[in-house]
Amino acid sequence: MAITGVMQRWQGKVLGVFGGIKGTFSLLPSVVTALGSNSQANSLLIKRPVTIVTVASVSTRGVRLPLPFDTVNGGDTRIVLNATAGSVLVYPNSGAAIGSGSANQATTMVAGKAYMFIAQSGTQWRYLKGA
């Protein structure tokens, strides 16, 4: 995949950057089993932009958000869908927080819900909950 672009100038001022993405970009979901035993270190690392959790043997199983690509400005986005019959824990990357939680604290997703996690920085994730 390559990102291409052309910067447009007029009288020395940048008017805009126009371009696009050349190649393939996929939002195919990763279907996973939540892991761990109430532990951030043992939870399953999310690797794709969209993750569907289909198995969580107990409510202490979880998945973990990755370190954002841009650790200063954030912007990385992950969508997680809990397709299990119970709760699933979502942990931030090591040293980070989700929402108003403390560092390394998990957020509990109830059954049947989807959350969109957006990295504000390398140590702070925000999220939107599905209704």
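Tutor: A nonpolar core is a set of buried Ala, Val, Leu, Ile, Met, Phe, Trp, Tyr and Cys residues joined through side-chain atoms within 4.5 Å. This is a predicted model, in which local features need pLDDT of at least 70, side-chain atom pairs count only at pLDDT 80 or more, and totals for chains, interfaces and linings use all residues. Residues are numbered from 1 along each chain as its sequence is written, and side-chain values use heavy atoms, with hydrogens and water left out.

Student: Which residues touch the most other members of the largest nonpolar core?

Tutor: Val53, Val63, Leu65, Val80, Val90, Phe117 and Trp125 do, out of 16 residues in that core. Two or more residues come from each of β8 (88-91) and β11 (114-119), and β11 gives the most, with 3 residues. Strands here are DSSP runs of E, at least two residues long, numbered from the N terminus.

Student: What makes phenylalanine 117 count as buried?

Tutor: Buried means under 20% relative accessible area, exposed over 50%, and partly exposed in between, with a 1.4 Å probe and protein chains only. Phenylalanine 117 has 0% relative accessibility, so phenylalanine 117 is buried. Tyrosine 115, at 4%, is also buried, whereas tyrosine 127, at 31%, is partly exposed.

Student: Why is the pair of tyrosine 115 and tyrosine 127 called stacked?

Tutor: Rings of Phe, Tyr and Trp (its six-membered ring) pair if their centres lie within 6.5 Å; planes under 30 degrees apart count as stacked, over 60 as edge-to-face and the rest as tilted. For tyrosine 115 and tyrosine 127 the centres are 5.4 Å apart and the planes 5° apart, so the pair is stacked. Tyrosine 115 lies in β11 and tyrosine 127 in β12 (residues 124-129), so the pair ties together parts 12 residues apart in sequence.

Student: What makes the pair of phenylalanine 117 and tyrosine 127 tilted?

Tutor: Their ring centres are 5.8 Å apart and their planes stand at 40°, so the pair is tilted. Tyr115, Phe117 and Tyr127 form one aromatic cluster.

Student: How do you know that β11 and β12 pair?

Tutor: Two strands pair if DSSP finds at least two bridges between them. β11 and β12 have 5 bridges, so they pair, in the antiparallel sense. One of the partners in β12 is leucine 128, bridged to methionine 116. The two strands form a hairpin with 4 residues between them.
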